[in-house]
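The entries follow the order in which I checked them.

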Amino acid sequence: MLVCLIWYACIGAFACLHNVPSMPASRTRVLNGLQEKGSLNVLLIVADDLRPSLGCFGDTVVKSPNIDQLASKSNVFHNAFVQQAVCAPSRTSFLTGRRPDTTRLYDFGSYWREHAGNYTTLPQHFKSSGYITMSVGKVFHPGIASNHSDDYPYSWSTRPYHPSSYEYEKKKVCKGKDGKLHANLLCPVDVSEMPEGTLPDMQSTEEAVRLLKTVKDESHPFFLAVGYHKPHIPFRYPQEFLKLYPLENMTLAPDPEIPKGMPTVAYNPWTDIRKREDVQALNVSFPYGPIPRDFQLQIRQSYFAAVSYLDTQAGQLLSALDDLGLANETIVVFTSDHGWSLGEHGEWAKYSNFDVALRVPLIIYVPGTTAPTPKPGDKTFPFLDPFQHTPDTVSKGTVVREVVELVDLFATVSELAGLTVPPPCPDSSFNVELCTEGFSLGDTFGASELKINSEAIAYSQYPRPTDLPQHDSDLPLLRDIRVMGYSIRSCDYRYTEWVGFDPATFRAHFQDVHAGELYFVATDPNQDKNLYNITEYAGVVQRFRSYLQK
């Protein structure tokens, strides 16, 4: 098991070139302006499959004025990584503060309380501290992974809400060029023609605003989690958002070819998008494709359009928070469950250990700490229309470039709200209900000068059924997992080691190495040049390997 790994172990001679002392073990500090215990509300917004394709992260194509506005008043973590690049394992991980090897969830097929341990969740921790906890949309992954109940009543004070129109998400509602309805990947729609005349994320925004109105005068603080479905496939969004991204302005990924040095086990054959009717019509060969160039451009166009649609929903929610007088009393966290490949390495979707699949936006607003209290009458989050808002510059807020993990979220939000921070988990924590395998990032808030901890690393993993791509390589069932790719991201390197794995015992066999990857991100940010077998990097490989085997 890797839970005993010291995640802030020294990277030694290949650490980033920053003259910074080692991070204190506790990673805690007194926050400027932090209110008394439990006096701040929490609004947690979770997007689905959103990579940091946002203006506040330096993307010059995507129009995301509302999320950018939030970022301008927040701490913005530019190097935040999830623990597994697929929905259920990632969400279970950051909502329990435990890594996948501790939740024992690598697919969608088990509930951690029955399969691993009775772990306290982030919302449950707030609920037990007197908060009203509410869930809207996709927060926990629905189905078996959250006991078909979104972990109610453990985590939530009221039954979680799911938008009724999600029922049609994968059905034939996309109008094709032939005038007929299809179950397509690309699905810009006239909302008035949709079943129920709406879309899931619109419904979730309406319900979240309704809940805010019901709790704004309550004597107890609230913890409201809102999970938006976009930009998850299919790309079903209001068709007017296509106007923001003319196809002639779209470009391919900077590295659309499969790198020569990439091991076969590292490749994901994007099986899920192959199931869509418009992709099937392309007759793309399995497993490597490629998708025709013009369709690649359309995928990127629709992904960006879906992001802008998501931005308007988040903007409406934040504006309502403001209008209700709650913006100065509420911590706002915006993040995603993982990223999404848009043609990089010849891949699409998530399901890999590359940065493009593991890196996510992480934006945290703390009233009075990350931004000054506004003057009477001034709004904190006025709604910004992406069709009309054209800022000259994008304020990026307080940029934090240190490598962090989404498993840090539990401890961080607890500290920011003034609650007890869960203690560090012991090496084996299956019988420990409340502990965390992450660290609080509280030391990054309210500081006059942010220093980068060059020793920080993030840990992720991904399972495979075999070394060669096959139809279940993207999402193998637990019983079929035979290889596990354990990955470390430092400020300098991305290192991944693919080793044998026994699903019956949940044990990785680090002496059974199937393949390895090493990328020097300073000169190879897209991770296309594998240095694993280059002699002069043997020492770097051995150093990372020693961390994995601890």
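The entries below cover the conventions, the sheet and then a helix.

**Conventions.** I am working with a predicted model, in which local features need pLDDT of at least 70, side-chain atom pairs count only at pLDDT 80 or more, and totals for chains, interfaces and linings use all residues. Residues are numbered from 1 along each chain as its sequence is written, and side-chain values use heavy atoms, with hydrogens and water left out. I took helices (H or I, at least four residues) and strands (E, at least two) as DSSP runs, numbered from the N terminus.

I looked up the strand order and found an open sheet of seven strands, 3-7-1-9-12-2-13, with mixed pairing; two strands pair if DSSP finds at least two bridges between them. Strand 3 (132-137) and strand 13 (398-405) are at the edges with a single partner strand each, so one side of each has no neighbour in the sheet. I noted an average twist of 15° from one strand to the next; axes are lines fitted to C-alpha atoms, for helices over the stretch in contact, and angles run from 0 to 180 degrees between N-to-C directions.

**Strands 2 and 13.** I found strand 2 (residues 75-81) parallel to strand 13, paired over six bridges. N79 lies opposite V403 of strand 13. Helix 1 (residues 65-72) packs on the sheet, touching strand 2, strand 9 (330-336) and strand 12 (359-365), where contact means heavy atoms within 4.5 Å. The direction of helix 1 makes about 60° with that of strand 12.

**Helix 2.** I checked burial (under 20% relative accessible area, 1.4 Å probe, protein chains only): ten of the ten residues of helix 2 (residues 87-96) are buried. Its cover includes strand 1 (41-47) and helix 11 (409-416). G97, with a positive phi near 75°, follows helix 2.

Methods
Buried means under 20% relative accessible area, exposed over 50%, partly exposed in between (1.4 Å probe, protein chains only).
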